[in-house]
Amino acid sequence: MEYRPLGRTGVMVSSLCLGVMNFGGVTNAEDSITMIDRALDAGINFIDTAEMYPVPPQGGTQGRTEEYVGRWLRTQARDKLVIATKVTGPSRGFGWIRGGPRVTRRQIEQAIAA
């Protein structure tokens, strides 16, 4: 696996990143964990997620992707992994996320805590 610097942070990330937007939607918990394990075995140390996942976005499944990744992380050496996530902004119209997502300090803090 090739690794590259993450900006000027001194952190090295794999050139391939595992996107997990289907975890908790079309991909169940067991298969999601298997995919993350395989990615890690291949040298991937960079996982991309978002609070609005899984796709397609729905109030009943929102957050499930990060829940699966979080469960998996409890058994890992966290300091060896980079987890990227994104806060949902207002243009998407997802009223079930934080009562209607906005990008304010308070909303970002709520997203981080969740």
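Arginine 105 is exposed, at a relative accessible area of 67%. Here buried means under 20% relative accessible area, exposed means over 50%, and partly exposed lies in between, with a 1.4 Å probe and protein chains only. This is a predicted model, in which local features need pLDDT of at least 70 and side-chain atom pairs count only at pLDDT 80 or more, while totals for chains, interfaces and linings use all residues. Residues are numbered from 1 along each chain as its sequence is written, and side-chain values use heavy atoms, with hydrogens and water left out.

Arginine 105 has a partner. Its side chain meets that of glutamate 109 in a salt bridge, 3.1 Å from N to O. The term salt bridge stands for a side-chain nitrogen of Lys or Arg within 4 Å of a carboxyl oxygen of Asp or Glu. Glutamate 109 and arginine 105 are four residues apart in helix H3, so about one helical turn separates them. Helices (H or I, at least four residues) and strands (E, at least two) are DSSP runs, numbered from the N terminus. Glutamate 109 is partly exposed, at 43% relative accessible area.

The structure holds five salt bridges. Another of them sits in helix H2. There the side chains of arginine 71 and glutamate 67 meet at 2.6 Å, N to O. Both residues lie in helix H2, four residues apart, or about one turn of the helix. Arginine 71 is partly exposed, with a relative accessible area of 37%. Glutamate 67 also counts as partly exposed, at 42%.

A further salt bridge joins the side chains of aspartate 48 and lysine 86, at 2.7 Å from N to O. This pair links distant parts of the chain: aspartate 48 is in strand E4, lysine 86 is in the loop between E5 and H3, and they are 38 residues apart. Aspartate 48 is partly exposed, with a relative accessible area of 21%. Lysine 86 is partly exposed too, at 35%.

Lysine 86 leads on to the largest pocket. Its lining is made of Glu51, Glu66, Thr85, Lys86, Val87, Ala111, Ile112 and Ala114. About 150 Å³ of space lies in this pocket. A pocket is found on a 1 Å grid over the protein atoms alone, as an open set of points where a 1.4 Å probe fits, with protein on both sides within 12 Å along at least five of seven lines; lining residues have an atom within 4 Å of a point. Grid points are joined across faces, edges and corners, and the volume is the space filled by probe spheres set on the points. The lining residues divide into four nonpolar, one polar and three charged. In that count Ala, Val, Leu, Ile, Met, Phe, Trp, Tyr, Cys and Pro are nonpolar, Asp, Glu, Lys and Arg are charged, and the others, Gly among them, are polar.

Threonine 85 is one of the lining residues. It lies in the loop between E5 and H3. Threonine 85 is partly exposed, with a relative accessible area of 47%. From threonine 85 to serine 32 is 53 residues in sequence and 17 Å in space, C-alpha to C-alpha.

Arginine 98 belongs to the loop between strand E5 (82-84) and helix H3 (105-113). Its phi is near 55 degrees, a positive value in a residue other than glycine. Arginine 98 is buried, with a relative accessible area of 18%.

The loop between strand E4 (46-48) and helix H2 (64-73) contains proline 54. The peptide bond from tyrosine 53 to proline 54 is cis, with omega near 10 degrees. Proline 56 lies in the loop between E4 and H2 as well. A cis peptide bond joins valine 55 to proline 56, with omega about 0 degrees.

Now turn to the start of the chain. Tyrosine 3 lies in strand E1, residues 3-5. It counts as partly exposed, at 36% relative accessibility. Met1, Tyr3, Met12 and Leu16 make a nonpolar surface patch of about 380 Å². Patches are made of residues with over 30% relative accessible area and no salt bridge; like charges are joined within 9 Å, and nonpolar side chains (Val, Leu, Ile, Met, Phe, Trp, Tyr) within 5 Å. Accessible areas come from the Shrake-Rupley method with a 1.4 Å probe, and for residues only the protein chains shown count as cover.

Helix H1 (residues 29-41) holds methionine 35. Methionine 35 is partly exposed, with a relative accessible area of 38%.
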